[in-house]
Amino acid sequence: MGNQVFFLPDLGEGLTEADLVSWSVAVGDRVELNQTIAEVETAKALVELPSPFAGTVTQLLAEPGSTVAVGTPVIAIDTPTGTGTGTDADSPGQNDDASGGAPVLVGSGPLSPRPSRRRHLQSATVPRNGDPGSATTTPAAQLHPAAKPSTRKLARDLGVDLTVVDGTGPDGLVTDDDVRAVAKTAGAVPDAVVPDRVTPERETRTPIRGVRKHTADAVTRSAFTAPHVTEFLTVDVTAAVELLRDLRDTPSYAGLHATPLALVARVLLLALRAHPELNATWDGERCEIVTKHYVNLGIAVAGPRGLTVPNIKDAHLLGLRELCRELDDLAETARSGKTTPAALSGGTVTITNVGVFGVDAGTPILTPGEAAILCLGAIRQRPWVHRGELAVRSVTTLGLSFDHRLVDGEQGSRFLADIGAMLENPLRLADPDC
């Protein structure tokens, strides 16, 4: 038997760390090769971590909620001789078994020479459920009980050591009620101060991790690198709204969401044909403007992980119907937290839709490396002069931010005006199916 250590692998896209969201296994569990053992969150996506070994989990070397650097040991698994890959936890060298094979994932290499404190925990004498008179010798595996991140936070807030709590949840999972019961028994907190939820303090400090950290870095880099210009255009989109209503009633759009966002996406793609400078990148190192002859259309999505901008690859090849389908899939994937790093990389131009929140307009910040971002505001019924007479029309405001190094004011203005003209008169669209 060999105690193999798995190191956090390089998850791609140049990422150097990840946040451990949750373990899918516990000490003592039997795992198979490539079985999901944990869920980690990078700056770009939520990723399931597969096991490179088959065997029995002996140690969990990172706590849920912690940030783990690539190459850091995260789990130890006792494997039968000659199976799995990696490094024996009791020996800092490579596994000498010839049948061990090469590491399955980057990161499952030799153990760092610096010993892990947890590796030397053999047993400890601890009281159970807050009763000092009930001390028992507890195996090291029980020194890191299974509990959700929210339960661990509750334990910290109430001053409860999770190692003294008997979990009553599935497979011994420690629950919030278990923690509260120990807090009351030990007299750490009076009944009146152990509510269903911990009384909030005057301030809350939230670690900056995952998507929030990535978003902050990206918008700061963009704001202080690219000279932004934002222009606005208010447009009568009554005809566009009527077109979408008609399309929803056609058999070819059955099951699809023909939305204003989809139509604006299609119009933007058509406008880029005449204004390719809006689909370009500034390469400062080579002092070149790189004009893209394809469009990976980014769509800003507010999901459970925060704001992400997945993109539709080669969107310039798609008609309106295909865009509707792609947008449905993109939104569903993003809101379920399953967007992949590949889908979040390589965008060339972006649309953000603040109209879904009832907001009329915005000044969006460019996605780093892109020349333009279009903001779609809410569509409202407003008084409008139509054919010389005052009428109630469907009106929206478009906002276009662009990188002034790449796009002159005239170029940006003409691009925005062309988008507005096609939305005002959808007959200008290039093909019968839009």
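This is a guided tour of a predicted model, stop by stop.

**The whole chain**

Start with the protein chain in cartoon view. It has 7 helices and 22 strands. Colour by burial next. Of the 434 residues, 42% are buried. Contacts come next. Take those between residues at least 6 apart in sequence: 61% of them join residues at least 24 apart.

**The largest cavity**

How many cavities of 30 Å³ or more does a search of the whole structure find? There are 3. Go to the largest cavity, which holds about 60 Å³ of space. Select L8, A18, D19, L20, W23, A38, V40, L49, A62, V68 and V74 to show its lining. Two elements give two or more residues each to this lining: strand 2 (17-23) and strand 4 (36-41). Which element gives the most? Strand 2 does, with 4 residues. Colour the lining by residue class. The lining of the largest cavity has 10 nonpolar residues, no polar ones and 1 charged.

**The second largest cavity**

Move on to the second largest cavity. Its space comes to about 50 Å³. For the lining, select V237, A240, V241, L244, P260, L263, V264, L376, I379, T396 and L423. Here the elements giving two or more residues are helix 4 (238-248) and helix 5 (260-274). Colour by class again. The lining of the second largest cavity divides into 10 nonpolar residues, 1 polar and no charged.

Select residues 380-386, strand 21, together with residues 389-403, strand 22. In which sense do these two strands pair? The pairing is antiparallel, over 7 bridges. Strand 21 and strand 22 form a hairpin, with 2 residues between them.

Zoom in on R387, in the loop between strand 21 and strand 22. R387 is not a glycine, yet its phi is positive, at about 55°. Most residues other than glycine have a negative phi. Is R387 buried or exposed? R387 is exposed, because its relative accessible area is 77% and the cut-off for exposed is over 50%.

Jump to C287. This residue sits in the loop between strand 13 (280-283) and strand 14 (288-291). Check the backbone: C287 has a positive phi of about 55°, although it is not a glycine. Then check the surface. C287 counts as exposed, because its relative accessibility is 70%.

The last stop is A300. Find A300 in the loop between strand 15 (297-299) and strand 16 (301-303). A300 is partly exposed, because its relative accessible area of 21% falls between the buried limit of under 20% and the exposed limit of over 50%.

Key: Residues are numbered from 1 along each chain as its sequence is written. This is a predicted model: local features need pLDDT of at least 70, side-chain atom pairs count only at pLDDT 80 or more; totals for chains, interfaces and linings use all residues. Side-chain values use heavy atoms; hydrogens and water are left out. On a 1 Å grid over the protein atoms alone, a cavity is a set of points where a 1.4 Å probe fits but cannot get out, and a pocket is an open set with protein on both sides within 12 Å along at least five of seven lines; lining residues have an atom within 4 Å of a point. Grid points are joined across faces, edges and corners, and a volume is the space filled by probe spheres set on the points. Ala, Val, Leu, Ile, Met, Phe, Trp, Tyr, Cys and Pro count as nonpolar, Asp, Glu, Lys and Arg as charged, and the others, Gly among them, as polar. Buried means under 20% relative accessible area, exposed over 50%, partly exposed in between (1.4 Å probe, protein chains only). Contact means heavy atoms within 4.5 Å. Two strands pair if DSSP finds at least two bridges between them.
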